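Subject: Structure handover and what was found

Hello,

Please find the structure below. Notes on what was found in it follow.

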Amino acid sequence: MKKIILLGVSIMCGVSAFAQLNVLKDAERSMKAKEPMKKVVEIVTPAFTNPETQSMAQTWYIPGKAAFNEYDNLLGLQAFGKLPENGEATMGANLINGYDYMMKALSLDSVPDAKGKIKTKYSKDIINTLVGHYNDYNNNGISLWNIQDYKGAYRAWGIYLDMSAQPTKFKGISVPGDTLLSEIAYNQALAAWQAQDFQASLDCFMKSKDLGYKKKNIYDYSIAVANELKDSATIVALAREALPLYGEEDPTYIRFIINDYLVKKDNANALKAIKDAIAQDPNNAEYYIVLGVIYDTEENRAEAKAAYKQALTLNPESSSANYYYGRAIYADAYEASDKGPSEASEIEAYFKSTVKPLLEESAVYLEKANQIDPENPDPLKLLENVYYSLNDEAKLNDVQQRLKLI
């Protein structure tokens, strides 16, 4: 009985293998008839997972070839302005899926002959097909971006870059210089960002930078993506790299570096970093604001106030400098109020002579900060306290109305 059962299994395996080979024949006929990739894939899909055929190069070559056949047909129609609806999306899918199928087939395309020597059946055509469509991957990355298929654009540009990195394997491609490759990697990073794949985006920005892309926006965008990933180490590393290149025009980089020190409670290095930056660019008002903030964290208001005052001297139209200086004066007023007399008969005179002038001076700078940057609620929130302390109901109501509009 056991022998009969085994024989039955053997027969069934033979039938299964025969059926799968028929699937491949049907799929190949469909491919040679230039049927759309989707139809060929539907036919060949059972062979992808069947043990008899899943390791055969032919199984993957057939849908890959169908993909490029369909792409070439659509490319011809596009040249005459006859591309069907959703044609660009289909062409993009053809290139991307075609590459995946062909590369899978390439990895399996090794057939031993009677003498045991390894030969290939499809490799030459696979390589020639991919080389012939090399530039199409970059062009279709742009097309897919334009139709907002960001994942597709990311893949298309990624394939172009992968092929560019293997000129020996893909003989015949004309690889552009690093300048163009860095721009394509940059575009790929943008596509991944749009697709909300932040890690992939950051990796591509880093690749672009390694290839030589050093424009300011790559640092800004890389930092933004790293921030989405909460990758503080990368943010600080990027800020340090960008600082000597673009620090004079953008104080954001030094802020990231300083903030990292402050988070680590390393005020000594924070002060050293900002003072070094000031030594390099002594007329940068934003640097003095950062210096003031550091002194504030040490509760050294006198030095903080002096730094904010210097920032104002350098740039009277800085909203931040006006806000921080106004805030420092308000702190002086608050401290003066705490030190005031406790006798009721003396309180009012002390308030008018000592506290009120400080509050009114504070209001001038805070109002200017709001005037320069009306979307920032911080000056208005502090002005609420100032006008409340001054018992100025009209101005208090006005500030509260302005806050409601933000």
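In which helix does E28 lie? E28 lies in helix α1, residues 2–32. Helices (H or I, at least four residues) and strands (E, at least two) are DSSP runs, numbered from the N terminus.

Before the rest, some notes on the source. This is a predicted model, in which local features need pLDDT of at least 70, side-chain atom pairs count only at pLDDT 80 or more, and totals for chains, interfaces and linings use all residues. Residues are numbered from 1 along each chain as its sequence is written, and side-chain values use heavy atoms, with hydrogens and water left out.

E28 and Q58

E28 is partly exposed, because its relative accessible area is 22%; buried means under 20% relative accessible area, exposed over 50%, and partly exposed in between (1.4 Å probe, protein chains only). Leaving aside residues up to four places away in sequence, E28 touches Q58 and I62, where contact means heavy atoms within 4.5 Å. E28 and A66 are 38 residues apart in sequence, and their C-alpha atoms are 8.8 Å apart in space.

Q58 belongs to helix α3, residues 57–79. Its relative accessibility is 17%, so Q58 counts as buried. With residues up to four places away in sequence again not counted, Q58 touches L24, E28 and Y122.

V131

V131 is part of helix α5 (residues 123–132). V131 is buried, because its relative accessible area is 18%. Not counting residues up to four places away in sequence, V131 has contacts with M163, F170, K171, G172 and I173.

Two positive phi values

Most residues other than glycine have a negative phi. Q196 is not a glycine, yet has a positive phi of about 70°. Q196 sits in the loop between α8 (178–194) and α9 (198–210). At 57% relative accessibility, Q196 is counted as exposed.

E299 is likewise a residue other than glycine with a positive phi, here near 60°. The loop between α14 (285–297) and α15 (301–314) holds E299. Its relative accessibility is 73%, so E299 counts as exposed.

Q310 is found in helix α15. Q310 is partly exposed, with a relative accessible area of 30%. Q310 and Y288 are 22 residues apart in sequence and 6.7 Å apart in space, C-alpha to C-alpha.

The largest pocket

Rolling a probe the size of a water molecule over the atoms shows where empty space is left. The search uses a 1 Å grid over the protein atoms alone: a cavity is a set of points where a 1.4 Å probe fits but cannot get out, a pocket is an open set with protein on both sides within 12 Å along at least five of seven lines, and lining residues have an atom within 4 Å of a point. Grid points are joined across faces, edges and corners, and a volume is the space filled by probe spheres set on the points.

The volume of the largest pocket is about 290 Å³. Its lining has 17 residues, and L243, A273, D276, A277 and Q280 lie nearest its centre. The elements that give two or more residues to this lining are α11 (232–246), α12 (252–263) and α13 (267–280). Of the elements, α13 gives the most, with six residues. By class, the lining has nine nonpolar, three polar and five charged residues. Here Ala, Val, Leu, Ile, Met, Phe, Trp, Tyr, Cys and Pro count as nonpolar, Asp, Glu, Lys and Arg as charged, and the others, Gly among them, as polar.

Helix α19

Helix α19 (residues 393–404) has twelve residues and should span 16 Å at 1.5 Å a residue; its end C-alpha atoms are 17 Å apart, which agrees. The expected span is 1.5 Å times one less than the number of residues. The buried residues of α19 are L396, V399 and L403. Seen down the axis of α19, these buried residues fall within an arc of 65°, so they line one face of the helix; the arc is that of the directions from the helix axis to the C-beta atoms. The buried residues of α19 pack against α18 (377–389). A394 and K404, on the other side of α19, are exposed.

Regards
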